[in-house]
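Take a moment with the sequence and the fold before reading on. We will go from the whole chain down to single residues.

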Amino acid sequence: MTAGAVAEVLDTPGLSAYVDAVERTLEDAVEWARGAAVAEAGGETLRSGGKRLRPMLVFLSAPVSGRSRPGLVAAGCAVELVHMATLVHDDQLDAARLRRGRPTVWRTHGPLVATAAGDRLFALAFAELVTTGSMPAVTVLSDACLSLARGEILQRE
């Protein structure tokens, strides 16, 4: 099921337009350095699709009166970029050959590019979120990323 199909099923005013805006912002953020292997790997990750559930949860968690604020798109984009980064890193750590039926970044570009691509996606998430001017939001995302890293360490032990 695509992001648009999920948004239609949820039938929430403004959700489809929000998901479209997040998708455009993701494309702009991820693909600004076309031609570089790390940027291409990030673009491949974005184009592999997804339902964009995390950005939808950002939208649905916002008060109805705040759903048209421009920072909400940046927040949804940041959350999705973190998710994409974790997928790239996890595929590398697990030596996964496929994700969503396509070869993984690790498999097609090797471990150095996969590490750098995942790191770049993390950095892009924070670059996007900082545009909101909300340091509490940046702190929450930072804490979430640190928890992800701790969880990965515990899993490996």
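Two residues are in contact when heavy atoms of theirs lie within 4.5 Å. Keep that in mind as you look at this predicted model. Take the contacts between residues at least 6 apart in sequence: 65% of them join residues at least 24 apart.

Start with the overall plan. The protein chain has 8 helices and 2 strands. Along the sequence, the pattern reads α-α-α-α-α-β-β-α-α-α. The radius of gyration is 16 Å, close to the 15 Å that the globule rule gives for 157 residues, so the chain is as compact as a globular protein of that length. Its C-alpha atoms fill a box of roughly 45 × 30 × 30 Å along the principal axes.

Of the 157 residues, 43% count as buried. The accessible surface comes to about 8500 Å², and carbon and sulfur atoms account for 60% of that surface.

Next, go inside. In soluble globular proteins, nonpolar side chains tend to be buried together. Here the largest nonpolar core has 35 residues, of which Y18, L81, L121 and L141 touch the most other members. Which elements give two or more residues to this core? They are helix 2 (15–30), helix 3 (37–47), helix 4, helix 5, helix 7 (111–130) and helix 8 (135–156). Helix 5 gives the most, with 10 residues. Leaving out residues up to four places away in sequence, L81 touches L26, V30, L121, L124 and A125.

What covers them? After helix 3 comes G49, with a positive phi near 95°.

Move on to a loop. A62 sits between helix 4 (53–61) and helix 5 (71–94). Is A62 buried or exposed? Its relative accessible area is 12%, and buried means under 20%, so A62 is buried. Beyond residues up to four places away in sequence, A62 touches R67 and L72. A62 and L72 are 10 residues apart in sequence, and their C-alpha atoms are 8.2 Å apart in space.

E152 is found in helix 8. With a relative accessibility of 18%, E152 counts as buried. Apart from neighbours within four places in sequence, E152 is in contact with D90 and L93.

A95 lies in the loop between helix 5 and strand 1 (98–99). A95 is not a glycine, yet its phi is positive, about 55°. R100 belongs to the loop between strand 1 and strand 2 (102–103). R100 is also not a glycine, and its phi is positive, near 55°.

Terms used. Residues are numbered from 1 along each chain as its sequence is written. This is a predicted model: local features need pLDDT of at least 70, side-chain atom pairs count only at pLDDT 80 or more; totals for chains, interfaces and linings use all residues. Side-chain values use heavy atoms; hydrogens and water are left out. Helices (H or I, at least four residues) and strands (E, at least two) are DSSP runs, numbered from the N terminus. Buried means under 20% relative accessible area, exposed over 50%, partly exposed in between (1.4 Å probe, protein chains only). A nonpolar core is a set of buried Ala, Val, Leu, Ile, Met, Phe, Trp, Tyr and Cys residues joined through side-chain atoms within 4.5 Å. The radius of gyration is taken over C-alpha atoms; the globule rule is 2.2 Å times the number of residues to the power 0.38. Accessible areas come from the Shrake-Rupley method with a 1.4 Å probe; for residues, only the protein chains shown count as cover.
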